[in-house]
Amino acid sequence: MPVKIAPSILSADFARLGEEVRTVDEAGADWIHIDVMDGQFVPTITFGPLMVEAVNRSTDLPLDVHLMIVEPERYINQFIEAGADWITVHIEATEKIYRIVEAVHSANRQIGVSLNPDTPVEILRQYLSEIDLVLVMSVYPGFGEQEFIPSALEKIRTLVKMRAEAGAEFLISVDGGVNESNAHSIVQAGADILTAGSSIFKTENPALAVENLRKAVESR
């Protein structure tokens, strides 16, 4: 399966958000990644369902909504109604993963579970046959423009092995510090999706940045 590129709008120009989303869409992005932060699970406050709805009007690409919030089970339906195609919750933020999986799948959407840098991948073993995606945080969540944490590569390799052992089919996404210089190594480790914010939207030409990120994966 070709590697998917998911630009993260956390680093976009909010005054031109619709235009920014359309730019990366036309440049060949595969998903749009939306970071929802509540000021509790992480220090920062960002978007809610209304922003998801607005982005949904700007693109037909799948919306990958990453809930960095406590008790995400309380808000799942709101984000589904707003247009989320994929919903990812943090294993550290809830004890109700099975309930969330059921709610998301009942709405014919896809469910992901995310791991902070200090959280071991083994904690996900019991859920592997139930979930559609694992998001490996390669920075500490809550802020953009951080450097990639190299230990994420070993987590990806471990997840690839666990996926094979479980006969599961979940995708592996990586979020944090992803750029042209490390994209190939991340994909070599086994990632299926590259989530990138600053390395796309903080450049002079986000469309070219999407193209260059894909070339970095495919050209070596």
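Predicted model: local features only at pLDDT ≥ 70, side-chain atom pairs only at ≥ 80, totals over all residues.
User: What makes the chain agree with a compact globule?

Analyst: For 220 residues, a compact globule would have a radius of gyration near 17 Å, and the chain has 16 Å, which agrees. Along the principal axes, the C-alpha atoms fill a box of roughly 45 × 40 × 30 Å. Buried residues make up 54% of the 220. Among contacts with a separation of 6 or more, 64% are between residues 24 or more positions apart. The chain exposes about 9900 Å², and carbon and sulfur atoms supply 46% of that area.

User: How many helices and strands does the chain have?

Analyst: The chain has eight helices and eight strands.

User: Why is the pair of Phe14 and Phe47 called edge-to-face?

Analyst: Two values decide it. The ring centres of Phe14 and Phe47 are 5.4 Å apart, and the cut-off for a pair is 6.5 Å. Their planes stand at 75°, where over 60 degrees counts as edge-to-face. The pair is therefore edge-to-face. The structure holds three aromatic pairs.

User: Which parts does the pair of Phe14 and Phe47 tie together?

Analyst: Phe14 is in the loop between β1 (4-7) and α1 (17-26), while Phe47 is in the loop between β2 (32-37) and α2 (49-56). The pair therefore ties together parts that are 33 residues apart in sequence.

User: Why is the charged end of Arg163 said to sit over the ring of Phe170?

Analyst: The charged end of Arg163 is 5.6 Å from the centre of the Phe170 ring, and the distance cut-off is 6 Å. The angle to the ring normal must also be within 35 degrees. The contact is classed as a charge sitting over the ring.

User: What makes Arg57 and Glu53 a salt bridge?

Analyst: Side chains of opposite charge can pair when their charged atoms come close. In Arg57 and Glu53 the closest N and O atoms are 3.8 Å apart, and the cut-off is 4 Å. The two residues therefore form a salt bridge. Arg57 is exposed at 63% relative accessibility, whereas Glu53 is partly exposed at 37%. The structure holds ten salt bridges.

User: What does the salt bridge of Arg125 with Glu165 tie together?

Analyst: The closest N and O atoms of Arg125 and Glu165 are 3.8 Å apart. Arg125 lies in the loop between β5 (110-115) and β6 (133-137), and Glu165 lies in helix α5 (residues 152-166), so the pair ties together parts 40 residues apart in sequence. Arg125 is partly exposed, at 39% relative accessible area.

User: Why is Ala183 called buried?

Analyst: Ala183 has a relative accessible area of 0%, and the limit for buried is under 20%, so Ala183 is buried. Ala183 is found in helix α6 (residues 183-189). Beyond four places in sequence, Ala183 touches Leu194, Leu213, Ala216 and Val217. The C-alpha atoms of Ala183 and Ala216 are separated by 6.5 Å, although the two are 33 residues apart along the chain.

Technical notes
Residues numbered from 1 in each chain as written. Heavy atoms only, no water. Phe/Tyr/Trp six-rings, centres within 6.5 Å; stacked < 30°, edge-to-face > 60°. Helix = DSSP H or I, 4+ residues; strand = E, 2+ residues; numbered from the N terminus. Rg over C-alpha atoms; globule rule 2.2 N^0.38 Å. Buried < 20%, exposed > 50% of the residue type's maximum accessible area, 1.4 Å probe, protein only. Contact = heavy atoms within 4.5 Å. Areas by Shrake-Rupley, 256 points an atom, 1.4 Å probe, with all protein chains shown as cover. Salt bridge = Lys/Arg side-chain N within 4 Å of Asp/Glu carboxyl O.
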